[in-house]
Structure formats: C-alpha cells, structure tokens
Amino acid sequence: MSIRTARQDELELLRELEVAAGVLFRNIGMTDIAEHPAPPLELFEQSRQAGRLWVATDADDRPTGFVLVTLVDDAAHIEQVSVHPDQQGQGLGRLLIEHVDSWAAEQGLPALTLSTFRSVPWNGPYYARLGFVELRPDEWTPGLTDLLAAETAFGLDPTQRIFMRRAVTPQ
C-alpha cells in the first residue's frame, strides 16, 4: 500500500469508491446517507489541482481509499475520507489521515478538522481514537459554522453532527 496524489483519470473511480463505502450506512439504518450521490466530479478535480486529494493504492497501484482536504480557517479540513469496504479494517483511513497530518505540517497549518456523525462507530468514536477532540459550539470557527449550515441545508441532522480537531504533529 502506498499513498500518492490522485490522478485525473482516477476521479470517477474515486466517486464510485465513495458510493461503495457508503453502503456501511445502510447496515445501520442510515439509508439516506448510503444512497446519497458522491460529490461532484468538479470538487474532486478542484481538490486534485490544488494538491489536496490523495489516494491509498493496492499492489497494482489501483486506488482503494482516498482523502479529500479543503482549507477552513487556516486548518486542513478533512472533507472526505473513504476506504473501499473490501479494504476496511486494515488501517488505510488512519494512514491517509497521517498523510494529511504530515502535509499540513509542511504547509505550516496548526490543525486538522473534520465534521462527522457523533455516534456512528467508524465516525466520531474512530476519530477520537486517532486523537481528534470534539469541539464545543463556542470553539467553532466561522468556517465550521458555515459548514454546519451547509450540511443542515443538505439534509443532515445538525444534532447528530460534530466538529472535531486535532493539532498537527510537529515535524
């Protein structure tokens, strides 16, 4: 397994990977999330061009997971991290997040942030095990507040969403 920047010819595959990873939500009764379409190709391309879209690859250099990062209030915001269901449980998500941590340190960014589901086992509890801490509403930055408004408009229940933050590991 290696991590590298995504290539343009892989973007549609990453969207398919995102849909495949979403099936886990169906298993816990969150069918709306499971059936939600992948982010638009344009978002993947913008992130790739900005150097903020990385893939974990198998021995054949085929993507098995990815992480897409945006910048929100001077933090590396993990917009999406997905691993194909056949590859989950092997530490790929953790390795992708550690890659983002190293990149953020190189960029001089102080923290990683993300928004996630509070009680889904591979969301909030998983990220807590990776060192992320839930932010209280009074700790939210303006950009995170805007993200919650966008998620709510998108149909996500804001009472089930949390923001988490982790300091970047010094290099």
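What covers the buried residues of helix 1? In this predicted model, the cover includes helix 2 (23–27) and helix 4 (41–49). Strand 2 (53–57), strand 3 (63–72) and strand 4 (75–83) are also part of the cover.

Helix 1 spans residues 11–21. Its buried residues are Leu11, Leu13, Leu14, Leu17, Glu18 and Ala21. An α-helix has 3.6 residues a turn, so residues three or four places apart point the same way.

Next comes the largest nonpolar core. It holds 23 residues. Those touching the most other members are Val67, Ala76, Ile78, Val100, Leu112, Tyr127 and Phe132. Strand 2, strand 3, strand 4, helix 5, strand 5 and strand 7 each give two or more residues to this core. Helix 5 gives the most, with six residues. Apart from this core lies another, of nine residues, including Ala6, Phe44, Leu53 and Phe66.

| Residue | Residues in contact |
|---|---|
| Val67 | Arg52, Leu53, Trp54, Ile78, Gln80, Val81, Leu96, Val100 |
| Val100 | Trp54, Val67, Val69, Ala76, Ile78, Leu112 |

Val100 lies in helix 5. Val100 counts as buried because its relative accessibility is 0%. How far apart in space are Val100 and Ala21? They are 20 Å apart, C-alpha to C-alpha, and 79 residues apart in sequence.

Methods:
Residues numbered from 1 in each chain as written. Predicted model: local features only at pLDDT ≥ 70, side-chain atom pairs only at ≥ 80, totals over all residues. Heavy atoms only, no water. Buried < 20%, exposed > 50% of the residue type's maximum accessible area, 1.4 Å probe, protein only. Helix = DSSP H or I, 4+ residues; strand = E, 2+ residues; numbered from the N terminus. Contact = heavy atoms within 4.5 Å. Core = buried A, V, L, I, M, F, W, Y, C linked by side-chain atoms within 4.5 Å.
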